[in-house]
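Student: I've got a new model open and I'd like to learn how to read it. Could you take me through some features one at a time?

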Amino acid sequence: MWLAVIAVLIGLAILVWSADVFIDGATALAKKLNVPSFLIGVIILGLGTSAPEMVVSVLAALEGSPELALGNAYGSNIINIALVLGATALISPIIIHKGIIKRDLPILLIITALAAWQLRDGQLSIVDGLVLLALLVVVLGIQIVLSVREGSSHKVDDIDDIDDNKIVEHRAVDDALSAADSEPSLLRGLWALFLGLTMLVASSRAIVWGAVELATLWGLSELIIGLTIVAVGTSLPELVASLSAARKGEHDMALGNIIGSNIFNTLGVVGLAAVIAPISASPIILSRDVLAMSAITLLLVVLCGAAFIRHRPFGRGSGAALMLFFVGYTLWLMQTVNM
């Protein structure tokens, strides 16, 4: 038993570290290749912080534990909003912008409703998984197109206010700096990306093995282990990224990180796991976990909408409400642990 506990603890520690290295490497690589900043936020940050859930769930499905993958994804979604966003709002209130209300939150709500509908019969087939993955591509495409349009309009407005001589001067400086350090930075970015992904896979494999062993020894279901130990551990990158973004005043990034991560979890993580191995969900996951995930998503929409309408930040009151939801869900989970 102790070997399994050590594997989970060490695996979680390496998982958080490797996710951080992966994000740093991917971000540095994107900047050196002149990839637009919206791609860094939407794809690299969102995919990077969801990479632990994705790798853990894929390995769980490959090793014959698909319900662990489902518990990991849905548990992470609940924890991301209730615990991660709740803690972030308590520490640093978040500004809610129109794009989040009109685009991001409705997309998240629709995706959550689709996930609940697909599990109505307690089964996730390969076809269901393919639908989720196809929808992920569509959602990313929509986000990219809209971000390009918004970015282009902002750039045009900004350029109109800048003197032509200053533009030439800045470009000359940027070209000189790029020529001086492009190769080392590019190599460092590639190395960090490779190292982060390698350690991500290794630590995730250790967590899956340890979690399954503990589930067997303690008589707990794989779903419970996925909803608790694995879900909390794989949500740590989101917590670190959101807290850091909020402290630096990057409010869109803090909230967008959570929304983007939940979209990746629901569509990408569950979709990949279902394609690898069809998932049979326990009845309790519909009456408890899918219900909790839907409720916390709806609560997030209501709280963000109220903050936007009142022209106030998503502050400590909203953060406290989310944290109370997390406490309530955890108690509910403990009471139904043997169901």
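This is a predicted model: local features need pLDDT of at least 70, side-chain atom pairs count only at pLDDT 80 or more; totals for chains, interfaces and linings use all residues.

Student: Which side chain does Asp 289 meet in a salt bridge?

Tutor: For a salt bridge, you look for a side-chain nitrogen of Lys or Arg within 4 Å of a carboxyl oxygen of Asp or Glu. Here the partner of Asp 289 is Arg 288, with 2.8 Å from N to O. Arg 288 has 1% relative accessibility, so it counts as buried too.

Student: How many salt bridges does a search of the whole structure find?

Tutor: Two. Besides the Asp 289 and Arg 288 pair, Arg 103 bridges to Asp 104, and their closest N and O atoms are 3.3 Å apart. Both Arg 103 and Asp 104 are buried.

Student: Now helix packing. At what angle do the axes of α4 and α10 cross?

Tutor: Roughly 165 degrees, and the axes come within 10 Å of each other. In these terms α4 is residues 98-118 and α10 is residues 283-309. To read the angle, remember that anything over 145 degrees counts as roughly antiparallel. That is why α4 and α10 are called roughly antiparallel to each other. As for handedness, the crossing of α4 past α10 is left-handed.

Student: What about Val 270, where is its place?

Tutor: Val 270 sits in helix α9, which covers residues 251-276. Its relative accessibility is 2%, so Val 270 counts as buried. Leu 133 is 137 residues away from Val 270 along the chain, yet their C-alpha atoms are separated by 8.8 Å.

Student: And on the surface, which residues form the nonpolar patch?

Tutor: For a patch like this, you pick residues with over 30% relative accessible area and join nonpolar side chains within 5 Å. Here that gives Met 1, Trp 2, Ile 6, Ile 10, Leu 217 and Trp 218, with about 680 Å² of accessible area together.

Student: Which helix gives the most to that patch?

Tutor: That's α1, with three residues. Both α1 (2-32) and α6 (164-218) supply at least two residues each. Met 1 lies in the segment before α1. With 46% relative accessibility, Met 1 counts as partly exposed.

Conventions
Residues are numbered from 1 along each chain as its sequence is written. Side-chain values use heavy atoms; hydrogens and water are left out. Patches are made of residues with over 30% relative accessible area and no salt bridge: like charges are joined within 9 Å, nonpolar side chains (Val, Leu, Ile, Met, Phe, Trp, Tyr) within 5 Å. Accessible areas come from the Shrake-Rupley method with a 1.4 Å probe; for residues, only the protein chains shown count as cover. Helices (H or I, at least four residues) and strands (E, at least two) are DSSP runs, numbered from the N terminus. Buried means under 20% relative accessible area, exposed over 50%, partly exposed in between (1.4 Å probe, protein chains only). Axes are lines fitted to C-alpha atoms, for helices over the stretch in contact, and angles run from 0 to 180 degrees between N-to-C directions. Angles under 35 degrees count as roughly parallel, over 145 as roughly antiparallel, 65 to 115 as roughly perpendicular and the rest as oblique. A crossing is left-handed if the near helix is turned anticlockwise from the far one by less than a right angle, and right-handed if clockwise.
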